[in-house]
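Thanks for coming, everyone. Please take a look at the model on the screen.

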Amino acid sequence: MRNRYDTTPPASWLARARYTPLADALRGELSAQLDPRTLIAAARLPAPLAELIYTVVRRTRLWRREKVDVTRELIAHFTDGLETGLRAERLVADFGPPETMARLIRRGKIRNRTWIWHCGRMFLRASGVTLLTFTVVYAVLAARFYFSAPTMARNYWLEANQARETADAAWPLYREALVKLGDPRDQQQHPRVEGGWFEEGPGGAHRTALADAVKRQQKSIELTRAGAKKPRLGFLIGDPADHNFYRAAQADWLLGNETPPATENQPLINAILSAPQQIRDLARLLVADAYVAAEAADGSRVVDDYTAILALSEQLHQPHSFLVDQLISLAIFGSALENLDRLLADSAGCLTDDQLRTLAHRIAAYRGGRITVDFSAERALFDDILQRAYTDDGHGDGRLTAQGLNVVGDLAGASTADDVSPSLLLFGPGMSAVIAGRAESRAMAARFLDEIQAAYEGPPWLWDAEKTQAPEKWLKEIAQGPLGFRYLFPAMHLPGTAHARCAAERMIQCRDATETVIALVLWHRRNGAWPQTLDELVPDLLPEVPTDRFDGKPLRYTIRAGQPILYSIGIDRDDDGGQPTKSSNRTLPASYGPVAAGASQRVEDGDWILWPPESKAVTATRDDAPPVDRDE
């Protein structure tokens, strides 16, 4: 610090202008009255005092006008001292150290400033402390975030494949059958069987197309039947043998994206599940063969085809089946029943009584009679996501890592890890402090799936709509609410599950209906007429009348124009006497359980006609009369 300063007033016009008050400047006078040196020079004090005053004033670091005031006060002070006869050196010595006096003067002047200034000063200090604290905390979070890595203790992909692996797998035969189908991109040479070709039954408008497809695809049909006799599917996710087989067979349309081997512990969410979709083509081919066989009165072949389709559907429900696998399995089962119902309406004569009973027993034994959905693969999938996003403290908990943002990017639809925006990486440490930890996220996912399973326990007609909708409503509210960001992983990944449970219930209803239809056909053969009630089928042809899944009562049945009509009360939950809704698709159940007051007014009136199929049922079930509400 300097001990001496030059007390000479500014001489240049520019320097004087700098220290001149505005009023003086407007009068054309460059007085430099705001420069302490000008005031000190005007006072004509001895040099030691002049130097002391200027040194103290400079070291106060006050505002310019405050310095002028301090200068005038010190000039007055020392002038009084000189007038009492004291010498300048004595006054300097009595004044004290300039640094101390400057600090005391500064403190006094600041104390006298306005309250607005003091508030501003406090605000700035608080902001500074806050910013400093935030910086330190963020630095700690950044260190934890960027210098930590997820611990992938388990290879869920490999575990899934190990659970699926079997020495006697059906998949190699299905794989070969798919190659034999040919390239679907060449519709002229290798047209696929379309689901719409079955709508008019075995003798419908597409009979020629079905016959051509069956004739052309005999090898695939034989391979599919052979595969259906195997105990398990044995499809492995990302099996390099599939890629090698397709490449050797020059079946480039089946190659798709080559997936890494399971031993590399790749994210399970990236698994490509194309096989279940492809197997649907084989199931349709078997239905086509059954229709052609029905026209040829080859009942044995019809039974073989439907037995194979049911087995194929069961195989898809293999260990560690994902929800999408299970839904495709149910869809194949439902399609088989729907097309069998059409066949029974048109060509039941191709089947002997024994063959009908064989089909009935096979349908009843489907999946051991227990049709439901399982979320164990979805739980494993979610655990795999968490282990790739979080650290592991060895007790099931951990914090979000930088790699976890890549997982978020994948879930959000970013095609690669590099697509995670720089801003997301910048705010990553802050996100790690807000997003729930590994244990909390896992607990939330487990709670959601447990509550879903608990809500759908028991018969569907007793399901409490409020209870079944509560888990998904709860998750949706969290995802859209202030805690949505905290529970980012459960909100982004957990699947909608209500439709899966309803799909399973619909398949149970279709299964029971087909069993009843077979019993009706057998009764008609024996008696030459349709029974007046379903109770007449019990116990000889049915152990009991199946339950309507909408209200727990027996399935409804009536005879109109000499034709039997088997129906469920459907989504409006009231009996309309077997009158279908105008829009058949709207009869498909989207929910079960009691309908809340007034809710039935929002759905189309009418019943769900289970048999005969819609194309045959129109003339039998619809008449000019409005629907009869038997519940009224």
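The cover over the buried residues of H11 includes helix H12 (218-228), H14 and helix H15 (299-316). Buried means under 20% relative accessible area, exposed over 50%, partly exposed in between, with a 1.4 Å probe and protein chains only. This is a predicted model: local features need pLDDT of at least 70, side-chain atom pairs count only at pLDDT 80 or more, and totals for chains, interfaces and linings use all residues. Residues are numbered from 1 along each chain as its sequence is written, and side-chain values use heavy atoms, without hydrogens and water.

Which residues of helix H11 are buried? In H11 (residues 207-216), they are Leu210, Ala213 and Val214. Down the axis of H11, the buried residues fall within an arc of 95°, so they line one face of the helix. The arc is taken from the directions from helix axis to C-beta atoms. On the other side of H11, Thr208 and Lys215 are exposed.

Now H14. Helix H10 (residues 171-181) packs on helix H14 (residues 274-295) at about 70°, with axes 10 Å apart. That makes H10 roughly perpendicular to H14, a term for angles of 65 to 115 degrees. Trp171 and Tyr174 are among the H10 residues that meet H14, where the partners include Ala275 and Leu285. Contact means heavy atoms within 4.5 Å.

Last, the core. The largest nonpolar core has 124 residues, and Trp171, Tyr174 and Tyr306 are among those with the most contacts inside it. Such a core is a set of buried Ala, Val, Leu, Ile, Met, Phe, Trp, Tyr and Cys residues joined through side-chain atoms within 4.5 Å. Helix H25 (residues 498-527) gives the most to this core, with 14 residues.

Key
Axes are lines fitted to C-alpha atoms, for helices over the stretch in contact, and angles run from 0 to 180 degrees between N-to-C directions. Helices (H or I, at least four residues) and strands (E, at least two) are DSSP runs, numbered from the N terminus. Angles under 35 degrees count as roughly parallel, over 145 as roughly antiparallel, 65 to 115 as roughly perpendicular and the rest as oblique.
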